[in-house]
Amino acid sequence: MTLDNVRKLYERFDTDKALRGRLYAAEGPEGRDAVLREAGLFFTDVEFDEMESVLHVKCQTHEEAERFFAFRDWWNYLRRS
């Protein structure tokens, strides 16, 4: 399920620096989508938006919420560049 891929990317956000580097280097939305497909993590922007509140609600500490917001802001930057 591609909605779950948002959660999987979130879980890998801090640890998979190579994936983050490939996403930064990707040429536009098509390149970003290709990187996500290659990693088995493809999802649409609509699916990200749907999962955003689900992931936020699961935060139980201030630190978890800050980590989530860092992830969300990072992804929003990528998808708008």
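**Figure 1. Accessible surface and overall dimensions of the predicted model.** The accessible surface of the protein amounts to about 4900 Å², and carbon and sulfur atoms account for 54% of this area. The structure shown is a predicted model. Of the 81 residues in the protein, 37% are buried. The C-alpha trace spans about 35 × 25 × 20 Å along its principal axes. The radius of gyration is 12 Å, which agrees with the value near 12 Å for a compact globule of 81 residues.

**Figure 2. Arrangement of the helices.** The protein contains five helices and zero strands. Along the sequence, these elements give the pattern α-α-α-α-α. Among contacts with a separation of 6 or more, 67% are between residues 24 or more positions apart.

**Figure 3. The largest nonpolar core.** In soluble globular proteins, nonpolar side chains tend to be buried together. The largest nonpolar core of this model comprises 22 residues, and those with the most contacts inside it are Leu9, Leu23, Leu36, Phe71, Trp74 and Trp75. Two or more residues are contributed by each of α1 (2-12), α2 (17-25), α3 (28-38), α4 (45-57) and α5 (62-79). The largest contribution, six residues, comes from α5.

**Figure 4. Surroundings of Leu23.** Neighbours within four places in sequence are left aside in this view of Leu23. The remaining contacts of Leu23 are with Leu9, Arg32, Val35, Leu36, Trp74, Trp75 and Leu78. Leu9, Leu36, Trp74 and Trp75 are also listed, together with Leu23, among the residues with the most contacts inside the largest nonpolar core.

**Figure 5. The aromatic pair of Tyr24 and Trp74.** The structure holds 12 aromatic pairs. In one of them, the ring centres of Tyr24 and Trp74 are 6.2 Å apart and the ring planes stand at 80°, so this pair is edge-to-face. Because Tyr24 belongs to helix α2 and Trp74 to helix α5, the pair ties together parts that are 50 residues apart in sequence. Tyr24 is partly exposed, at 44% relative accessibility, whereas Trp74 is buried, with a relative accessible area of 6%.

**Figure 6. The aromatic cluster and charges over its rings.** One aromatic cluster is formed by Tyr10, Phe13, Tyr24, Phe43, Phe48, Phe68, Phe69, Phe71, Trp74 and Trp75. Arg20 places its charged end over the ring of Phe13, at 4.4 Å from the ring centre. Arg67 lies over the face of Tyr10, 4.4 Å from the centre of that ring.

Definitions and conventions:
Residues are numbered from 1 along each chain as its sequence is written. This is a predicted model: local features need pLDDT of at least 70, side-chain atom pairs count only at pLDDT 80 or more; totals for chains, interfaces and linings use all residues. Side-chain values use heavy atoms; hydrogens and water are left out. A nonpolar core is a set of buried Ala, Val, Leu, Ile, Met, Phe, Trp, Tyr and Cys residues joined through side-chain atoms within 4.5 Å. Buried means under 20% relative accessible area, exposed over 50%, partly exposed in between (1.4 Å probe, protein chains only). Helices (H or I, at least four residues) and strands (E, at least two) are DSSP runs, numbered from the N terminus. Contact means heavy atoms within 4.5 Å. Rings of Phe, Tyr and Trp (its six-membered ring) pair if their centres lie within 6.5 Å; planes under 30 degrees apart count as stacked, over 60 as edge-to-face and the rest as tilted. A charge sits over a ring if NZ of Lys or CZ of Arg is within 6 Å of the ring centre and within 35 degrees of the ring normal. The radius of gyration is taken over C-alpha atoms; the globule rule is 2.2 Å times the number of residues to the power 0.38. Accessible areas come from the Shrake-Rupley method with a 1.4 Å probe; for residues, only the protein chains shown count as cover.
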